[in-house]
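Hi everyone, thanks for coming. Let me put the model up on the screen, and then we'll walk through it together.

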Amino acid sequence: MTGSAYRIDHLTVALGGKTVLRDVSFSLESGSSMAVIGPNGAGKSTLLKCLLRLVMPAAGSIRLFEKDLGRYSRRALARLTGYVPQAGSDTVPFTVEEFVLMARYAYLGAFSHFTETDRQITRDAMARARVENFAGRMLHTLSGGERQKVHIAAALAQQPQVMLLDEATAFLDYRHQVEILELTDALRRETGMTVIAVTHDLNQGALQYDKVLALKDGAVVCSGRPGDLLETGRLESIYDTPFRFLEEPETGTTYVVPGRRVP
Amino acid sequence: MKVNSILMLLGLVAFAVLLGAPFVGITSISPADILDPAGEAMGAVVFWRIRVPRVLTAFLAGSGLALGGMAFQALFRNPLATPFTLGVSGGAAFGAALYMRLGLAFAYLGISGGTWAAFAGAALVITLVYGLTRARGGFATPTLLLAGVALSFFLSSMILALQYSANLHDSFRLVRWLMGGLGMVGYDAVLNLFPLVVTGTVILFMLTNELNLLTIGEDLAMSRGLDVPRTKKWLFFAVSFMVGGIVAVCGPIGFVGMMAPHICRLLVGADHRHLFPATLLFGGTFLAACDVIARMAFAPAEIPVGVITALLGGPFFLYLLLRRGTLHLFQ
């Protein structure tokens, strides 16, 4: 699909009387990727939930593939968008395979059962996310990193065109961070999937994406190319903390490090 | 054992209990008696008019209560959420008690007025609980459970007030009914229960994939394509329908609704495609078997079946719990 995947205009969200997002607008080309950054409580997760229609906006419009989000059925929406939630301590009483297979719900006809096609797609998704080795294990017996990969496998089993990730690498050890970053990179580059990721990881996350959207107190403070973040004072004003820029001698890539130099 | 063999075994046990239970009782009955063509022999009358409907009622009630508990535990993602803890049974009991106290007697669509009153009470509480889940972004499950417990206490006080103000005859009927029992039933009870339990069961059967998704949390379930509010409405409707009917006929029988689904989870796992048939068979068989014991233990006196369900089920549940280590349900 070409054209815009998302077109968001003047989105405002209030939760429990508090304005969580105010006048957020952006658009994202189909097949491109966007990182959503910003301090805690900036409204990043709420934005993702709006895109999934889990939270209803007070004002503004969200268009997915040029169609108003509210006009999709839940199932149609699930066939277009996959969601990987924030890593938590969810203890779901299912095996990995059962959990991934359940993600095929959006393709299930009324009163019917999962087919061999569903099972094959489930196996492919598990292989893609490299979780096929623990297909038979209960989800709650896995480590946080393994569980996060299972969540990605389940979202892949939905065969979506858009993948929404909410801090997919938070709380994970380095190996799992790398594995998940490689996996999402491969999705962006190889499958042509549109990816929106909420992340606190600037170097391996935000700076590698096509676009960056920075939120602060529910409002957009920066929207554009990742390079814009490297402008003097930009990150400082987003996060209210000093940053240092380091250049890797071999490649010339700039890395950002939060905080002043520790003496 | 594999899941399918466990289900098969549950089915066989259910079949055996349904077939054998009507033969057990103070009046001994031989197979020859029940085949008596005239059906006038003492054995035939006891068998066909009293015991068979009683066993069927027990099975229907047990299945319905267990399935109601299973649905609520998945819906609220909490092992303590059942129609009892959320006050639905209390609502049904109050409706039925009010009907008895007012000395009403009517029937509509072949279903007794008491059942309608119980259904109305259950539906009222369900509506209240459902409203609470939606008000101001919804209350957390522990809050709902506390509200349900408070509501149950409130309703049982109301029932006590009704009973206190009643004359001796009505008061006795109420107390006997509140203990939960299958004693004073005939085919009327079966005919009352059958449409309600079957309707509820069919709705739940069609929602097994949906129940699985609810178990993983509402946000994730919606992102998978589940219309959560609509599914919830169906579940609330099915459960209040079943529990209302059962409470009206058998009184508030405890324990089955909470423990039967947990026992089945330990046996076949949490996948509702297996859990549904297991809970249906186990709940029905369990209550039918408990009723046999209730009839026989202190014969000719009968103890309320609710006493037996807790006496038997409690230790069995603890045994399973300890043998399997921990109970991996939702938390």
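Which residues touch the most other members of the largest nonpolar core? Before I answer, a word on the ground rules. This is a predicted model, so to speak of local features we need pLDDT of at least 70, side-chain atom pairs count only at pLDDT 80 or more, and totals for chains, interfaces and linings use all residues. Residues are numbered from 1 along each chain as its sequence is written, while chains are lettered from A and ligands numbered from 1 in the order in which they are written.

Now the answer: they are A:Val36, A:Val100, A:Ala153, B:Ala71 and B:Ala96, in a core of 170 residues. Such a core is a set of buried Ala, Val, Leu, Ile, Met, Phe, Trp, Tyr and Cys residues joined through C-beta atoms within 7 Å. Buried here is 20 or more other C-beta atoms within 10 Å of a residue's own, exposed is 12 or fewer, and partly exposed is in between, with C-beta atoms placed from the backbone. Helix 3 of chain B, residues 42-76, gives the most to this core, with 15 residues. Helices (H or I, at least four residues) and strands (E, at least two) are DSSP runs, numbered from the N terminus.

Next, the sheets in chain A. Strand 3 (33-37) and strand 9 (211-216) of chain A run parallel, joined by 4 bridges, and A:Ala35 has A:Val212 as its bridge partner.

There is also an open antiparallel sheet of 4 strands in chain A, ordered 2-1-4-5. Strand 2 (18-29) and strand 5 (67-68) of chain A each have a single partner strand, so one side of each has no neighbour in the sheet. Strand 1 (4-15) and strand 4 (59-64) of chain A share 5 bridges, and A:Asp9 is partnered with A:Ser61.

Where do the chains meet? In chain A, 23 residues are in contact (C-beta atoms, placed from the backbone, within 7 Å) with 22 residues of chain B. Helix 2 of chain A supplies the largest share of chain A's side, 4 residues.

Last stop, helix 7 of chain B, residues 168-178: B:Leu174, B:Trp177 and B:Leu178 are its buried residues. Facing away from that buried side are the exposed B:Leu168, B:His169, B:Phe172 and B:Val175.

Notes
Two residues are in contact if their C-beta atoms, placed from the backbone, lie within 7 Å. Two strands pair if DSSP finds at least two bridges between them.
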